[in-house]
Amino acid sequence: MNIVISFLIILAVIALLARLYVINSNKIKFYSTGLDSSFRMGEVRILWKLAKKCQLENPIALYVSVPALNDCISKVIMDARTNNTINSFKVQQFLDKLYKFRTRVALDAAGKKGLESSKYLDVGQKLRIILPGKGVFLSKILNNGRELIIMIPKQEDKKHKTVHMIPIDEWVGKKISVYLWRKGDACYAFDTIVFDSGVFHGESALFLQHSNSLDRAQKRQSVRCQCEIYAQMYIIKSSVVDFNVADTEPGYKCLLEDISEDGAMIRIGGKGKAHIQIKLQFNVNDTFIMMYGVIRAVEYNKTLNQSRLHFECTHIDAAMKNSILTYVYNVLPQTEKEINEAMLQTEKDSMEDSDSEDDQSTGLIIQNGDLQ
């Protein structure tokens, strides 16, 4: 009798552990993936917190997806503004770490190499296609030979369970951007031309030119954006600088032509000098910004008597930096927003692919919350 009771207890414990594993499997997978990807435990906790806050279906996307990070960062900012905590130390510290994660993900992706030609793509490959001015469409490869033959692209609205297609003649002759997740590899992007339409094995299709210039999709993301922001520039002569003090006297008038959290392109009148320390003061939306740094290079136009200064920021307050990043992401043009959407959908494809592989490898079937 004791043996039977002990056996039943062991079975109960095993069943409990199995159920706990199922309940926490997403979290376990998230943490193990983060640690395997060289993230520190503290960073993994922060990313998990963000994934839960944003209610992501595939939290692991945060390790590889710039668009997923952008989306979640936007939600954090919106919540903080709603709760009037955007300027709190806790929120600003969290945003600072998130933006560092975003930069790390983008740089890690940009440093890798992979597929270089569309000639090596597989039949059945899922594609996300941008037709400028029309949005992002879903398609797949029907055949890969002298040209790529793909099914007629469609737009899926899962929320309303509808499918939208546009006339074939609106595709032919158009330049399109193609995004895809290559199984076991990475996300890629390339531009091409739809040179014809027709029928392939009884199915309406588009014919695309091949491309020998494929980029990892993340390469197209940048935290730097074009702008026209007027600023005051001050030359720093003192060896000791108080970063919290704003200058009230007018400085050199200048124009910021592009900006990021770590620098800017500055246009000034006259001939500029490299390797000097400066401070910039300007407003982004309703936020006053002070950036400290160094002029790394100068482009002088003698005809116009103007200079373009390549400015590297070496110090900026965390809240001010976050305001710049918010501005940068919000002013992206429509084409960049379409790219962001296509990348996000492509990365969702990669997550679905990863989940499918996990289900096959584990051999576990989960139905109605039970492990079988």
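**View 1. Phe30, Tyr31 and Trp48 form a cluster linked by ring pairs.** Welcome to a predicted model, in which local features need pLDDT of at least 70, side-chain atom pairs count only at pLDDT 80 or more, and totals for chains, interfaces and linings use all residues. Residues are numbered from 1 along each chain as its sequence is written, and side-chain values use heavy atoms, leaving out hydrogens and water. Rings of Phe, Tyr and Trp (its six-membered ring) pair if their centres lie within 6.5 Å; planes under 30 degrees apart are stacked, over 60 edge-to-face, and the rest tilted. Searching the whole structure turns up six aromatic pairs. For Phe30 and Tyr31, the ring centres are 6.4 Å apart and the planes meet at 65°, so this pair is edge-to-face.

**View 2. Phe30 and Tyr31 are both buried.** Buried means under 20% relative accessible area, exposed over 50%, and partly exposed in between (1.4 Å probe, protein chains only). Phe30 has 0% relative accessibility, while Tyr31 has 18%.

**View 3. Lys49 lies over the face of Phe94.** A charge sits over a ring if NZ of Lys or CZ of Arg is within 6 Å of the ring centre and within 35 degrees of the ring normal. Here, the distance from Lys49 to the ring centre of Phe94 is 5.0 Å.

**View 4. Lys279 places its charged end over the ring of Tyr234.** Look for a distance of 5.6 Å to the centre of the Tyr234 ring.

**View 5. Cys225 is buried, with 6% relative accessible area.** In sequence, Cys225 and Leu325 are 100 residues apart, yet their C-alpha atoms are 9.8 Å apart in space.
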